[in-house]
Amino acid sequence: MIKKTSIRRFFADNVVVIIFLVLTAAATPVSGLSAGYIVQEILTRIGRNSFLVFSLILPVMAGMGLNFGMVLGAMAGEIGLIFAVDWNIIGVPGLIFANLVGLPIAIFLGWLCGEVLNRARGREMVTGFILGFFMDGIYQFVVLYLMGSVIPMRSAAITLSRGYGIRNTLNLDSVRQSLDDLLMVKLFGINLPIATYLIIILLCVFIIWFRKTKLGQDMRAIGQDQIVSNASGIPVARTRVIAIIISTILAMVGQIIFLQNMGNMATYNAHRQTGFFAVAAILVGGASVTKATIPNVFIGVVLLHLMYIVMPRAGAQLFGSAQIGEYFRDAFSYGAIALALVLHAWRKMRGVEIDRAGLRQGVASAAPLEAIEPIKEDTL
Amino acid sequence: MQKLKEFVTDFGLPRIIIFFFLIGLFVAAPFVGVRIDTSISDVLNRFGQNAILVLALVPMVQSGCGLNFGLPVGIIAGLLGGTLAMQLGLSGWLGFAGALAISMPFAILMGWLYGQLLNRVKGDEMTIAMYVGFSMVTFFSILWLLLPYSNPTMVWGYAGQGLRTTITLDNYWGQILNNFLSVRIGESFFIPTGMILFVLLCALIVYLFFRSKTGTAMTAVGSNPDFARAGGVSVDKMRTISVIVSTMLGAIGILVYQQSYGFIQLYQGPLYMAFPAVAALLIGGASVNKASMVNVLVGTLLFQGILTMTPSVINSVLKTDMSEVLRIVLSNGMILYALTRKTKVSK
């Protein structure tokens, strides 16, 4: 009996991962893509995307849910890159320059986001999502109207012909894959961007170390219970803001790594999907709103992107239309996010009911049995 | 002075700014060569188009489910009704009525399922609703390609299957409500009377619904679920009903929108449709847990007014199209304002 429930628990905890695993396992052979191609793509995409996904971990730790406001960091990174291209700083120094320009912007935006989220406790996720939309408007205003008119731009090649505003697509030739190529190792015909991987490993080490610091412990305590943390002298509001600032900075660096690998940047659209992909990846990797670990990031990036690689081809093979495959993967990514959020909210509500049943125990002994029994059944 | 201050905090400074901004736009319009009569006709038309979609948010706000970012669920039901009515070859009034009739069972079914889901995730409705909406839109994108529609005006010409991204309603029921009893004065002044009346009728029905026993119980659930339960009201049942009503209104809303717009937009079209509706409701003075008919009508009028007036007026003044930026900042800023406001105990 115990074994049976533990298997169920495992399924219940990992249902999103399992669905994705089954789905991609079924679609991969159908797509007819070669193993070499898939492995190469996955390895590239780990380098490209995982840094961005890592930026979500700290706010989850601090109990703020999935930080949809990470898009703000992505915007800061894009502004940094615009200046790096404008000043024509080539290669890795260009990337460092972009980070230096983006850093103060990311800190400011992170602080702003943290303050806003502190005013919307209990609905941080939806607020962060809308904040991303809102800032998209401000970003457009700055990049499309202020750059070149108020903010001096040196290069005519990146401004619109009317004299101000940045072009729709920014060519990142000067920094394209400079980080990836810094230490590119070819192994069995597969390119490994070691320098990018090293930076990601460094970030993992940072996160593991950070958890053990005073600040990291404070964040975890706040994630457990804000009221108790406050009573024990942890500055709750301030610590939450710091979690968001760090997350925003990481998202900025992540977006720069992402874009240097892509090689060009859709000036006004590049950040629109960033939050969606990062959140989908970490949830597909088995994270929840309150728990996210380093393995979740890697599993998620591999699974989600495996699906993004194979699905259009599988759709083309099965239905004769790649479009169906594309809608299919979008539907499943949105569905995965919805499912993960639902499961978590559901479990949280069950938890409240258990607490309530526990309170009733003194009054009526029959109630808790009734209340607890379906929990095991329904966690599936 | 004290009273004025109270009114400002009660109504919200952003709303007052938006209100005066709109007045300012109308005052400035003639000086920059924008015709007032065309502008008013446009505002009225867009008001009619969008009002029912905004109205669709009210039941869920009242029952405590929060802002219905999952409005696309209702929209999908409406799209199903519209496309099926076209497939059956219904046109004119019969077509529009048929589309409404066909969409209702879908809306009730989907609304019921959606309500069941939301009842299990109390407290996290908004984020989840958003993603349920997104999933529905993308899932139905697949179905629009696969379902066996065959009416040649609807499917892609060369493949003979799969619905077009936009389907014209020209020979079906395009503009049918707009033209009903419509008033045209001169070249550029046009009142879509039929559509406005239809909107007001829907608003009246919803208003009366909230005066009924069920409606009162629903408001009670939204105001204080524990009291409502103590008073013998089934919280889950009321919430489910509110979601179903919301979904049905969403379906009606999109059909009214489309007949005025003249096209059915499929695939990713409805993906972000909930956000402007939410913004309009909030601009009208609603909060996350309180909304009235006045909020709907005033909000839609203000929001659509600004959307109509800014491109023409601002463009003539600044010689550049800033309206898109303004729209994004305004609508999302309003939602942010509502979400970050301390939820006040209802009066």
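Tutor: Two residues are in contact here if their C-beta atoms, placed from the backbone, lie within 7 Å. The model under discussion is predicted.

Student: How many residues of chain A are in contact with chain B?

Tutor: The contact pairs residues of the two chains, and chain B brings 29 residues to it. On the side of chain A, the number is 34 residues.

Student: Which helix of chain A gives the most to the side that touches chain B?

Tutor: Two helices of chain A, α6 (124-146) and α14 (322-360), each supply at least two residues of that side. The greatest contribution is 15 residues, and the helix that makes it is α14(A).

Student: How many residues on the side of chain A that touches chain B are nonpolar?

Tutor: Sorted by class, that side has four charged residues and six polar ones. The nonpolar residues number 24.

Student: What distance separates the centres of domain 1 and domain 2 of chain A?

Tutor: Domain 1 of chain A is made of 1-31 + 297-380, and domain 2 of chain A covers 36-284. Taken over C-alpha atoms, the centres of domain 1 and domain 2 of chain A are separated by 28 Å.

Student: Which helix gives the most to the side of domain 1 of chain A that touches domain 2 of chain A?

Tutor: In this contact, 17 residues of domain 1 of chain A meet 15 residues of domain 2 of chain A. On the domain 1 side, α1 (2-31), α13 (294-319) and α14 of chain A each supply at least two residues. That side divides into 14 nonpolar, three polar and no charged residues. With ten residues, the helix that gives the most is α13(A).

Student: Is A:Pro312 buried or exposed?

Tutor: A:Pro312 has its place in helix α13 of chain A. Not counting residues up to four places away in sequence, A:Pro312 touches A:Ala322, A:Gly325 and A:Glu326. A residue needs 20 or more other C-beta atoms within 10 Å of its own to be buried. A:Pro312 has 20 such atoms within 10 Å, and therefore A:Pro312 is buried.

Student: What separates the C-alpha atoms of A:Pro312 and A:Ala25?

Tutor: Along the chain, A:Pro312 and A:Ala25 are 287 residues apart. Between their C-alpha atoms, the separation is 14 Å.

Student: What arc do the buried residues of α9(A) cover around the axis?

Tutor: In helix α9 (residues 214-224) of chain A, the buried residues are A:Asp218, A:Met219, A:Ile222 and A:Gly223. They lie on the same side of α9(A) because the arc they cover around the axis is only 140°.

Student: Which residues are exposed on the other side of α9(A)?

Tutor: The cover over the buried residues of α9(A) includes α3 (57-61), α10 (226-231) and α11 (236-262) of chain A. On the other side of α9(A), the exposed residues are A:Lys214 and A:Gln224.

Student: At what angle do helix α6 and helix α12 of chain B pack?

Tutor: Two packed helices are described by the angle between their axes and the distance between the axes. For α6 (residues 92-119) and α12 (residues 235-261) of chain B, the axes are 7 Å apart. The contact of α6(B) with α12(B) has 16 nonpolar, nine polar and two charged residues, and α6(B) passes α12(B) in a right-handed crossing. The angle between α6(B) and α12(B) is about 145°.

Student: What is the phi of A:Gln177?

Tutor: Most residues other than glycine have a negative phi. A:Gln177 is found in the loop between β1 and α7 (178-182) of chain A, and counts as partly exposed with 18 C-beta neighbours inside 10 Å. Although A:Gln177 is not a glycine, its phi is positive, at about 50°.

Student: Where is the place of B:Tyr267?

Tutor: B:Tyr267 is not a glycine, yet has a positive phi of about 55°. With 20 C-beta neighbours inside 10 Å, B:Tyr267 counts as buried. Its place is in the loop between β4 (263-265) and α13 (274-283) of chain B.

Student: Is A:Arg162 buried or exposed?

Tutor: A:Arg162 is in the loop between α6 and β1 of chain A. From A:Arg162 to A:Gly148, 14 residues apart in sequence, the C-alpha distance is 9.8 Å. A:Arg162 has 9 C-beta neighbours inside 10 Å, so A:Arg162 counts as exposed.

Technical notes:
Residues numbered from 1 in each chain as written. Chains lettered and ligands numbered in written order. Predicted model: local features only at pLDDT ≥ 70, side-chain atom pairs only at ≥ 80, totals over all residues. Helix = DSSP H or I, 4+ residues; strand = E, 2+ residues; numbered from the N terminus. Nonpolar A, V, L, I, M, F, W, Y, C, P; charged D, E, K, R; others polar. Domains from an automatic or database assignment. Buried ≥ 20, exposed ≤ 12 C-beta atoms within 10 Å, placed from the backbone. Arc of directions from axis to C-beta. Axes fitted to C-alpha atoms, helices over the stretch in contact; angles between N-to-C directions. Left-handed = near helix turned anticlockwise from the far one by under 90°.
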